[in-house]
Amino acid sequence: MMNNCTYWPLISVYMPTKNRSTLLKKAINSVLNQDYANVELIIINDGSTDDTFSLLQDYQNRYENIHCFHNKTSTGVAQARNQALKHCSGEFVTGLDDDDSFCPDRLSSLMSSYDDKYSFVCSSIVWDFGNKTKIADSHRKIINLTEQLNYNHATTQVLVKKERLDGIGGFDSNLVARIDYDAWTRLIEKYGCALRIAHPSYILNRGGDIERVTSSNNDIIGNHQFLAKHKHMMNSHNLINHVFIDLYARNEPYAFKTFISHLLAGYKLNKLKYYIRSNFLPRWHK
């Protein structure tokens with residue numbers, strides 16, 4: 001168990017990027033500005049056609065702990081992450097999306113809470129909408145497999161020993177979405193419960209002008225792929241909650257009878273909010 005940061009094992013941060021040079025600088029700087037002493041940043045330029053190459057070359061020339069690799073054509077997020085993992089030298093790894101950023105104590109807060117008895121450690125997150133922010137998954141939680149199969153309680157990125165992420169075969173490049181959710185679920189399945197700490201240290205950029213890696217259609221397909229892959233482990237409540245996830249992704253009206261039948265599976269407030277939104281707030285419809 002590690003309960004302080006007097007020991008500083010190397011943490012490798014993996015970051016695929018594609019055509020986001022205007023946002024990339026903020027993401028990179030947030031890694032460089034960590035209060036954690038021993039970190040390297042592995043960046044995969046996944047077929048960018050903007051000025052990402054020159055930007056990364058400049059960073060790599062100025063910082064010894066930044067290592068950049070360039071793909072002529074895009075391989076996709078999952079494969080780019082797996083490519084980055086092959087170049088990671090750290091005992092621990094974690095990820096950062098190129099449009100997001102770390103709070104300065106991201107790595108130190110995760111490492112100080114790390115315990116080998118958990119498959120990984122993660123944190124609550126800050127949703128940044130540009131004009132406002134919101135903290136999500138804001139309480140400490142030990143995440144077991146049954147709960148993880150309801151919903152991605154592990155949020156967007158985790159701190160994990162590299163050998164463990166390698167041990168599940170890395171990220172599944174067959175998925176068009178839910179790549180994180182799938183990987184964290186497989187880690188919990190193989191290595192046991194995970195720990196989510198309450199302290200928010202990852203800033204998720206949800207500004208309206210951001211081009212998303214996955215479209216809403218891919219979200220729907222990814223949900224179905226996740227369900228097909230993990231259905232054999234799911235109980236009846238898990239299955240109900242994935243019906244709700246599919247309705248939500250499709251932005252379809254939530255029938256009253258269906259809403260009532262879903263309440264026994266938990267997440268009642270989320271379902272109530274969506275029932276009201278989908279049936280009584282037309283401006284939310286596509």
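Figure 1. K141 counts as buried, at 16% relative accessibility; here, buried means under 20% relative accessible area, exposed over 50%, and partly exposed in between, with a 1.4 Å probe and protein chains only. E147 is partly exposed, at 23% relative accessibility. The two residues form a salt bridge in which the closest N and O atoms are 2.9 Å apart; the term denotes a side-chain nitrogen of Lys or Arg within 4 Å of a carboxyl oxygen of Asp or Glu. The model is predicted, so that local features need pLDDT of at least 70 and side-chain atom pairs count only at pLDDT 80 or more, while totals for chains, interfaces and linings use all residues. Residues are numbered from 1 along each chain as its sequence is written, and side-chain values use heavy atoms, with hydrogens and water left out.

**Figure 2. Salt bridges between separate parts of the chain.** By the rule given above, the count comes to 16 salt bridges. One of them joins the side chains of R81 and D180, with 2.3 Å from N to O. R81 belongs to helix 3 (residues 77-87) and D180 to helix 7, so this pair ties together parts that are 99 residues apart in sequence. Helices are DSSP runs of H or I with at least four residues, numbered from the N terminus. R81 and D180 are both buried. In another pair, the side chains of D219 and R178 meet at 3.3 Å, N to O. D219 lies in helix 8 and R178 in the loop between helix 6 (162-167) and helix 7, so parts 41 residues apart in sequence are tied together. R178 is partly exposed, at 28% relative accessibility. Salt bridges also link E91, D116, K161 and R164 in a network.

**Figure 3. The buried side of helix 8.** Helix 8 (residues 216-230) contains 15 residues and reaches 21 Å from its first C-alpha to its last, close to the 21 Å expected at 1.5 Å a residue. The expected span is 1.5 Å times one less than the number of residues. I220, G222, N223, F226 and H230 are the buried residues of helix 8. They cover an arc of only 165° around the axis, which puts them on the same side of helix 8; the arc is taken from the directions between the helix axis and the C-beta atoms. Their cover includes helix 7 (179-191) and helix 9 (236-250).

**Figure 4. Helix 9 among its neighbours.** Helix 9 has 15 residues, and its first and last C-alpha atoms are 21 Å apart, close to the 21 Å expected at 1.5 Å a residue. N238, N241, H242, F244, D246, L247 and A249 are buried in helix 9. These buried residues pack against helix 5 (145-148), helix 7, helix 8, helix 10 (256-262) and helix 11.

Figure 5. L187 is located in helix 7 and is buried, at 0% relative accessibility. Leaving aside neighbours within four places in sequence, L187 is in contact (heavy atoms within 4.5 Å) with S119, F120, V160, R164, L165, I168 and G192. The C-alpha atoms of L187 and M233, which are 46 residues apart along the chain, are separated by 14 Å.

**Figure 6. A nonpolar surface patch.** L269, L272, I276 and F280 make a nonpolar surface patch of about 380 Å². Patches are made of residues with over 30% relative accessible area and no salt bridge; nonpolar side chains (Val, Leu, Ile, Met, Phe, Trp, Tyr) are joined within 5 Å, and like charges within 9 Å. Accessible areas come from the Shrake-Rupley method with a 1.4 Å probe. L269 is found in helix 11 (residues 268-280) and is exposed, with a relative accessible area of 54%.

How values were computed. Helix = DSSP H or I, 4+ residues; strand = E, 2+ residues; numbered from the N terminus.
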